[in-house]
Amino acid sequence: MDAALVFPVLLVLTFGSVEFGHFFYVKHTLQGAAREGARAAIPPGATNTDVTNAVNAAMSAAGFNTSKFTVHIRNAADTANADVSTVTAGTGVLVKVNASWGTVGVRPLGVIGSTKTVVGQTVMRKEG
């Protein structure tokens with residue numbers, strides 16, 4: 001009798017922990033990939049292709065297919081797209097990596113909605 005009351009609660013806690021744990025793993029992975037992309041953006045002579053390749057390499061190493069996330073290269077204020085080859089030294093470059101939870105997430109309970117956007121972003125200053 002007691003097991004019938006406790007077991008459902010334990011299952012919800014277990015599967016909820018799995019879902020949220022995986023969310024934080026994905027968030028951390030996107031953040032690390034954005035950081036790698038920003039590091040690729042700041043040397044003189046860097047291009048947007050260098051940034052995208054760095055993000056793709058970091059995400060591929062974590063087991064994510066390139067079709068499951070998007071890369072945005074923006075100015076530091078996040079108001080316009082940026083071309084890192086023309087950004088002046090000392091100016092910030094923002095790299096954002098976005099993924100939809102429905103494409104990258106584990107949803108045993110569906111606590112986190114499939115339309116939730118998970119974002120990793122990093123700003124670094126362009127070197128001169």
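Predicted model: local features only at pLDDT ≥ 70, side-chain atom pairs only at ≥ 80, totals over all residues.
Figure 1. Asp78 itself is partly exposed, at 29% relative accessibility. A second salt bridge brings the side chain of Asp78 together with that of Lys96, at 3.0 Å from N to O. This second pair links distant parts of the chain, since Lys96 belongs to strand E2 and Asp78 to the loop between E1 and E2, 18 residues apart. Lys96 is buried, with a relative accessible area of 17%. Through shared partners, the salt bridges join Arg74, Asp78 and Lys96 into one network. As a general principle, side chains of opposite charge can pair when their charged atoms come close.

Figure 2. How many salt bridges does a search of the whole structure find? The search finds three, and the pair shown here is formed by the side chains of Glu36 and Arg39, with a distance of 3.6 Å from N to O. Both residues lie in helix H1, where they are three residues apart, or about one turn of the helix. Glu36 has a relative accessible area of 34% and is therefore classed as partly exposed.

Figure 3. Asn98 is located in strand E2, which comprises residues 92–100. Is Asn98 buried or exposed? Asn98 is buried, because its relative accessible area is 17% and the limit for a buried residue is 20%. The side chain of Asn98 is joined to that of His72 by a polar contact of 3.3 Å. When neighbours within four places in sequence are left aside, the residues in contact with Asn98 are Lys68, Phe69, Thr70, His72, Thr117, Val118 and Val119. The C-alpha atoms of Asn98 and Glu36 are separated by 14 Å, and these two residues are 62 residues apart along the chain.

Figure 4. The structure contains three aromatic pairs. In one of them, the rings of Phe23 and Phe24 are arranged edge-to-face, with 5.4 Å from centre to centre and 80° between the planes. Phe23 is buried, at 14% relative accessibility, whereas Phe24 is exposed, with a relative accessible area of 54%. Together with Trp101, Phe23 and Phe24 form one aromatic cluster.

Figure 5. Tyr25 lies in helix H1 (residues 2–41) and Phe64 in the loop between helix H2 (48–61) and strand E1 (70–75), so the pair ties together parts that are 39 residues apart in sequence. Tyr25 is partly exposed, at 38% relative accessibility. Phe64, at 10% relative accessibility, is buried.

**Figure 6. A nonpolar patch on the surface.** Which residues form this patch? The patch is made up of Phe7, Leu11, Val12, Phe15, Phe20, Phe24, Leu109 and Val111, and together they present about 740 Å² of accessible area. Phe24, also part of the aromatic cluster with Phe23 and Trp101, is exposed at 54% relative accessible area. Val111 is found in the loop between helix H3 (101–104) and strand E3 (117–125). With 48% relative accessibility, Val111 counts as partly exposed, because its value does not exceed the 50% that an exposed residue must pass.

Technical notes:
Residues numbered from 1 in each chain as written. Heavy atoms only, no water. Patch = residues over 30% accessible without salt bridge, like charges linked within 9 Å, V, L, I, M, F, W, Y side chains within 5 Å. Areas by Shrake-Rupley, 256 points an atom, 1.4 Å probe, with all protein chains shown as cover. Salt bridge = Lys/Arg side-chain N within 4 Å of Asp/Glu carboxyl O. Helix = DSSP H or I, 4+ residues; strand = E, 2+ residues; numbered from the N terminus. Buried < 20%, exposed > 50% of the residue type's maximum accessible area, 1.4 Å probe, protein only. Polar contact = N/O pair within 3.5 Å; in protein donor to acceptor, adjacent residues only side chain to side chain. Contact = heavy atoms within 4.5 Å. Phe/Tyr/Trp six-rings, centres within 6.5 Å; stacked < 30°, edge-to-face > 60°.
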